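I am opening a notebook on this structure. The entries below record what I looked up, in the order I took it.

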Amino acid sequence: MLSDTIYQLLNNQVSAEQEAAYKYLQMAAWAEKEGLNGAAQFFRTHSQEEEEHRDRIFNYLIECGQPVILQTIEAPKHDFNNLLEVIHAAFEHEKKVTSMIKRIAEASFAEQDYQTFNFIQWFVAEQHEEETLFTTVLDKAKILGYEGEKQGQALYLLDQYLATAHGNAESAEADG
Ligand SMILES: [Fe+2]
């Protein structure tokens, strides 16, 4: 049995993860439209990961015998000026999600709900990984000298990098 506070936070998080999936799917669509196949693949994979996050929390609530109540999700932004703007928007969103996850960790610890505290640790680690991933991508853009121009070699190379960025992050984690 979860406290009302913890229940509300987790139930909100189900829709927040869906919202993230929705945002990244829209970013994938934008990238497809721009002919940026690597970026499209990157955001599509990322969107699917968010759906897995949603399911994890959904399942936890069900296991705890709590009702899952889905919320309205706003249409995501679909018009971007360039890829750098998209990556920045994604990074900002990850930071927002991190603060939501932290709140769940703080509340469950304060309430001595160690079961939820333990459950949310996976997300704490995941958010660290997500933020590292976007920092790495932004570093890559900087190295390439990509500052948001719409065309050129730097954009081409960044797009190629993004095609494998998820795989790179995962193998770096496995190595470390
Ligand atoms: Fe997530």
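Helices here are DSSP runs (H or I, at least four residues), numbered from the N terminus.

I noted the source next: this is a predicted model, where local features need pLDDT of at least 70 and side-chain atom pairs count only at pLDDT 80 or more, while totals for chains, interfaces and linings use all residues. Residues are numbered from 1 along each chain as its sequence is written.

I then looked up F43. Leaving aside neighbours within four places in sequence, F43 is in contact (C-beta atoms, placed from the backbone, within 7 Å) with Y24, M27, A28 and A31.

I checked E19, in helix 1. E19 counts as buried (20 or more other C-beta atoms within 10 Å) because it has 20 such neighbours. E19 and E74 are 55 residues apart in sequence, yet 7.8 Å apart C-alpha to C-alpha.

I looked at Q112, in the loop between helix 3 (83-110) and helix 4 (114-144). Its phi is near 55 degrees, a positive value in a residue other than glycine. Most residues other than glycine have a negative phi. Q112 counts as exposed (12 or fewer) because it has 8 C-beta neighbours inside 10 Å.

How values were computed. Helix = DSSP H or I, 4+ residues; strand = E, 2+ residues; numbered from the N terminus. Contact = placed C-beta atoms within 7 Å.
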